[in-house]
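Subject: Structure handover

Hi,

Here is the structure for you to look over. My notes follow below it.

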Amino acid sequence: MEDPYKVLGVDKAASASDIKKAYYKLAKKYHPDINKEEGAEKKFHDIQGAYEILSDAEKKQQYDQFGAAAFDASGNPQGSPFGQGNPFGQGSPFGGGGFQGGFGGINFEDLFGGAFGGSARGGRRGAGSSYVQEFQGDNVEVLKQLSFKESLFGVQNAKVDYQVWDTCGTCHASGLKPGAKKSTCSACGGTGATNHYLQGGFQMSSQCMNCGGSGVTINASDACTTCHGEGVVSSQKTTEVDLPPGLAQGMKLRVSGEGDAPRATSGPGVKLYKGDLIIRLAVKDDPRFKRDGINIIYNAEIPYTTAALGGTVEVPTVDGPTVRIRVPSGTETGTKVSISNKGFPVRNKLDHRGNLDVVFKVKIPKPTTPAQKALLEALADQLEDPQAKRSAEWKPASGDQSKDNATDNSQHHNKFLDFLKDAADKFMKKPDDKN
């Protein structure tokens with residue numbers, strides 16, 4: 001007995017859904033009507049047996065606990081009443097034989113419907129001559145780019161252009177010329193299904209490959225000259241949609257019934273449904289703003305003097321008008337000031353929005369003139385900053401006044417610094433200081 005996990009290509013932590021998906025994929029690949037390679041049919045039976053164990057919670061638990069020793073050669077638990085004298089033959093009717101109809105909760109008519117021609121999705125409802133065939137077209141996904149502002153406020157009547165399989169306007173999905181009729185399928189005799197005999201005498205019914213399960217075909221001479229009997233044509237389509245406010249990168253919006261028409265023809269007992277249009281959104285970066293949840297971040301660069309002394313600055317908003325905000329004295333890089341109701345909407349409501357967070361970055365200037373350098377050196381002296389670098393000409397105003405070895409420029413520089421120092425002393429002096 002082969003390891004059922006290896007047969008299906010899943011690990012022991014796989015969920016029931018993962019196990020079923022793996023089974024579907026392998027069953028389609030190795031189905032005898034699709035895969036004619038040697039050994040494909042045996043592989044198909046192995047896949048059935050593995051799924052029979054892993055889809056049953058009790059059998060799965062037994063295998064996980066005891067391994068292959070918990071089962072007989074036919075895949076039945078040891079001691080099962082079907083182990084001996086099984087009325088269906090050796091072992092389980094599903095372990096080594098075939099099947100007909102559903103098993104394990106799976107409708108094989110739906111499972112293999114897409115594998116034998118016709119629409120990618122199809123199904124049959126009802127029985128006998130009153131059954132109804134339903135065909136569903138594929139979804140179409142398109143990329144729609146938005147600006148940062150459009151993602152915030154939304155877009156009314158946004159146009160989306162895309163390629164789609166659309167219903168033929170000449171034959172209206174019948175696939176026929178005017179006055180022509182469909183013919184009974186010669187492969188299935190009009191039943192829409194073919195029978196397959198498997199090892200052990202079992203029989204499986206699947207959708208007819210020739211007619212796609214409809215039971216009828218269209219002769220080349222009777223086919224519509226526009227769609228060539230397909231019922232659909234490729235066309236460029238434009239759809240207008242209202243995009244709500246508060247959209248984000250990667251969001252998807254669904255527009256029902258605006259996708260591909262099914263590649264099947266209409267007729268009695270046939271229902272055709274279009275797929276959906278999926279709009280995937282891509283929001284362009286804005287050079288000024290960044291999104292942070294429902295808030296917007298704006299980095300404002302301010303001069304060192306404004307940061308030290310305080311002041312006011314104007315900042316832009318996504319809405320349009322600028323806003324004047326106060327910069328507190330002693331502002332440091334990273335200080336944040338929030339402006340309410342200027343961010344992204346909460347639950348797509350523009351009357352309830354997040355904040356615009358203004359984050360300050362203090363710009364430290366590099367002195368480019370002797371005057372600027374002298375001012376900064378004087379400031380360092382007033383702030384008692386011994387680490388700040390001074391120029392060779394710098395001296396405290398109360399220090400040695402000898403200028404015997406100084407150049408004219410040095411004399412001028414010292415006088416200017418003395419003036420700044422004296423002015424700073426007077427400015428810093430308290431009103432009650434009589435000196």
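In which helix is aspartate 46 found? Aspartate 46 sits in helix H3. Helices here are DSSP runs of H or I with at least four residues, strands are runs of E with at least two, and both are numbered from the N terminus.

Some ground rules before the rest. This is a predicted model, where local features need pLDDT of at least 70, side-chain atom pairs count only at pLDDT 80 or more, and totals for chains, interfaces and linings use all residues. Residues are numbered from 1 along each chain as its sequence is written, and side-chain values use heavy atoms, with hydrogens and water left out.

**Aspartate 46**

Aspartate 46 is partly exposed, at a relative accessible area of 24%. The classes are buried under 20%, exposed over 50% and partly exposed in between, with a 1.4 Å probe and protein chains only. Setting aside neighbours within four places in sequence, aspartate 46 is in contact with Glu2 and Val7. Contact means heavy atoms within 4.5 Å. From aspartate 46 to alanine 27 the C-alpha to C-alpha distance is 9.9 Å, and the two are 19 residues apart in sequence.

**Helices H2 and H3**

Two packed helices are described by the angle and the distance between their axes. For H2 (residues 16-30) and H3 (residues 40-54), the axes come within 9 Å and cross at roughly 165 degrees. Axes are lines fitted to C-alpha atoms, for helices over the stretch in contact, and angles run from 0 to 180 degrees between N-to-C directions. H2 and H3 are therefore roughly antiparallel to each other. That label needs an angle over 145 degrees; under 35 is roughly parallel, 65 to 115 roughly perpendicular, and the rest oblique. The crossing of H2 and H3 is left-handed, that is, the near helix is turned anticlockwise from the far one by less than a right angle.

Which residues meet? H2 brings Ile19, Lys20, Tyr23, Leu26, Ala27 and Tyr30. H3 brings Ala40, Lys43, Phe44, Ile47, Gln48, Tyr51 and Leu54. The contact divides into 10 nonpolar, 1 polar and 2 charged residues. Nonpolar covers Ala, Val, Leu, Ile, Met, Phe, Trp, Tyr, Cys and Pro; charged covers Asp, Glu, Lys and Arg; the others, Gly among them, are polar.

**An open sheet**

Three strands form an open sheet: 3 strands in the order S3-S12-S10, with mixed pairing. Two strands pair if DSSP finds at least two bridges between them. S3 (140-146) and S10 (252-255) stand at the edges with a single partner strand each, so one side of each has no neighbour in the sheet. The twist averages 25 degrees from one strand to the next.

S3 and S12 (residues 277-283) pair in the parallel sense over 7 bridges. Valine 142 has isoleucine 279 in S12 as its bridge partner, and leucine 146 stands opposite valine 283 in S12. S10 and S12 run antiparallel, joined by 4 bridges. There, valine 255 stands opposite leucine 277 in S12. S12 is largely enclosed by the rest of the structure, because 6 of its 7 residues are buried.

**Two backbone angles to check**

Histidine 172 is not a glycine, yet its phi is positive, near 55 degrees. Histidine 172 lies in the loop between S4 (155-167) and S5 (183-184). Histidine 172 is exposed, at 58% relative accessible area.

Asparagine 348 also is not a glycine, and has a positive phi of about 65 degrees. Its loop runs between S18 (345-346) and S19 (349-353). Asparagine 348 is partly exposed, at 42% relative accessibility.

Best wishes
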